[in-house]
Amino acid sequence: MSINSETFAPDMLKGKTAFMTGGTSGIGLGIAKALAAHGAQVAVMGRDAAKATNAAGEIGNGAMGLAADVRDYAALDGVMAQAQEQMGPFDIVIACAAGNFLAPAAALSANAFKAVVDIDLLGSFNCLRAAYGRVHKPGASMIAVLAGQATRAMPLQAHACAAKAGVAMLVKCLAMEWGPEGIRVNGLTPGPVEDTEGFQRLMPPGMEEKFRNTLPLRRAQRMDEITAGALFLCSPAASYVSGTAIECEGATGLAPFPFM
């Protein structure tokens with residue numbers, strides 16, 4: 001039995017609405033499924049329309065699949081308006097779209113650096129800013145999915161570290177500004193989640209066993225372990241949690257970096 005079904009009431013989010021960017025694959029899709037499984041109506045957005053439609057079918061519970069690029073504020077705002085028209089104001093907003101790859105800084109082009117910053121940092125701002133006027137006040141929970149790169153310098157990750165550090169500070173600023181209206185804003189930091197595209201993309205060939213052996217828990221993270229963190233931040237148990245990052249990553253940040 002998964003953490004989610006054991007720990008959280010099945011109807012905990014019944015009657016709640018959620019909008020997610022980056023919710024059509026990987027960690028985002030896993031979180032979207034967990035929200036729907038606990039009663040929320042969910043809208044997920046990705047760049048590929050067919051992928052978004054397929055994801056909505058996997059999520060179930062009347063989920064919507066929408067297509068736009070998080071870097072394009074007008075397009076994102078448009079699909080968010082479409083979701084709001086069908087679902088009503090949002091209780092939960094999650095910015096999960098991200099891009100990354102391994103690259104030495106000396107070989108990283110300005111365009112490649114900008115692409116990651118635009119998807120991760122600008123995309124997170126666009127999502128949360130567009131949602132600001134479309135959430136329940138008070139009571140809304142906003143989450144930006146972070147990464148260990150937000151606080152930990154890593155070789156081959158100058159672009160991602162800069163972008164995620166920016167998102168972490170954005171979370172704090174928005175929590176301060178929007179808190180008086182009853183909006184909670186938090187970050188959620190996953191560890192290396194098994195069987196995701198991101199895990200495979202950042203894992204050099206032949207490094208899987210060595211990497212796992214450096215981790216304090218000697219294994220990668222299960223999807224239900226990170227979705228439990230998202231469910232907590234959306235739950236009444238987190239009603240006074242804002243402006244922080246929940247590091248649901250198994251002490252991965254304490255492990256040596258194995259790729260050098």
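**Reading the helices and the loops**

Mentor: Begin with its origin: this is a predicted model. For H6, the cover of the buried residues includes helix H5 (110-132), strand E5 (141-145) and strand E6 (184-190).

Trainee: Which residues of H6 are buried?

Mentor: They are His159, Ala160, Cys161, Ala163, Lys164, Val167, Ala168, Leu170, Val171, Leu174, Ala175 and Trp178. Note Lys164 in that list. Now look at Lys172, also in helix H6. Its relative accessibility is 39%, so Lys172 counts as partly exposed.

Trainee: What distance separates Lys172 and Ser242 in space?

Mentor: Their C-alpha atoms are 8.1 Å apart, although 70 residues separate them in sequence.

Trainee: How do I judge the length of H6?

Mentor: Compare its span with the expected one. H6 covers residues 158-178, 21 residues in total. From first C-alpha to last it reaches 30 Å, close to the 30 Å expected at 1.5 Å a residue.

Trainee: Is H2 largely enclosed or largely open to the outside?

Mentor: Count its buried residues, those under 20% relative accessible area. Nine of the 12 are buried, so H2 is largely enclosed by the rest of the structure. They are Ile27, Gly28, Leu29, Gly30, Ile31, Ala32, Ala34, Leu35 and Ala36.

Trainee: How do I describe two helices that pack together?

Mentor: Take helix H2 (residues 26-37) with helix H9 (residues 223-234). Their angle is about 55°, and the axes are 9 Å apart. H2 and H9 are therefore oblique to each other. The crossing of H2 past H9 is right-handed.

Trainee: Which residues make that contact of H2 with H9?

Mentor: H2 supplies Gly26, Ile27, Gly30, Ile31, Ala34 and Leu35. H9 supplies Met223, Ile226, Thr227, Ala230, Leu231 and Cys234. By class, nine are nonpolar, three are polar and none is charged.

Trainee: At what angle do H2 and H3 cross?

Mentor: At roughly 40°, with the axes of H2 and helix H3 (residues 49-59) coming within 9 Å. That angle makes H2 oblique to H3. Here too, H2 passes in a right-handed crossing. Leu29, Ala32, Lys33 and Ala36 of H2 meet Ala55, Glu58 and Ile59 of H3. This contact of H2 with H3 has five nonpolar residues, no polar ones and two charged.

Trainee: Now the loops. What should I look for in the backbone?

Mentor: Look at the phi and omega angles. Start just after H2, where Gly39 takes a positive phi of about 105°. Then look for positive phi in residues other than glycine. Leu156 is one such case, with phi near 70°. It sits in the loop between E5 and H6. Leu156 has a relative accessible area of 24%, so it is partly exposed. Arg218 is another non-glycine case, with phi near 60°. Arg218 belongs to the loop between helix H8 (208-214) and H9.

Trainee: And omega: which residues does a cis peptide bond join?

Mentor: Lys137 and Pro138, with omega about 0°. Find Pro138 in the loop between H5 and E5.

How values were computed:
Residues numbered from 1 in each chain as written. Predicted model: local features only at pLDDT ≥ 70, side-chain atom pairs only at ≥ 80, totals over all residues. Heavy atoms only, no water. Helix = DSSP H or I, 4+ residues; strand = E, 2+ residues; numbered from the N terminus. Expected span 1.5 Å × (residues − 1). Buried < 20%, exposed > 50% of the residue type's maximum accessible area, 1.4 Å probe, protein only. Contact = heavy atoms within 4.5 Å. Axes fitted to C-alpha atoms, helices over the stretch in contact; angles between N-to-C directions. Parallel < 35°, antiparallel > 145°, perpendicular 65-115°, else oblique. Left-handed = near helix turned anticlockwise from the far one by under 90°. Nonpolar A, V, L, I, M, F, W, Y, C, P; charged D, E, K, R; others polar.
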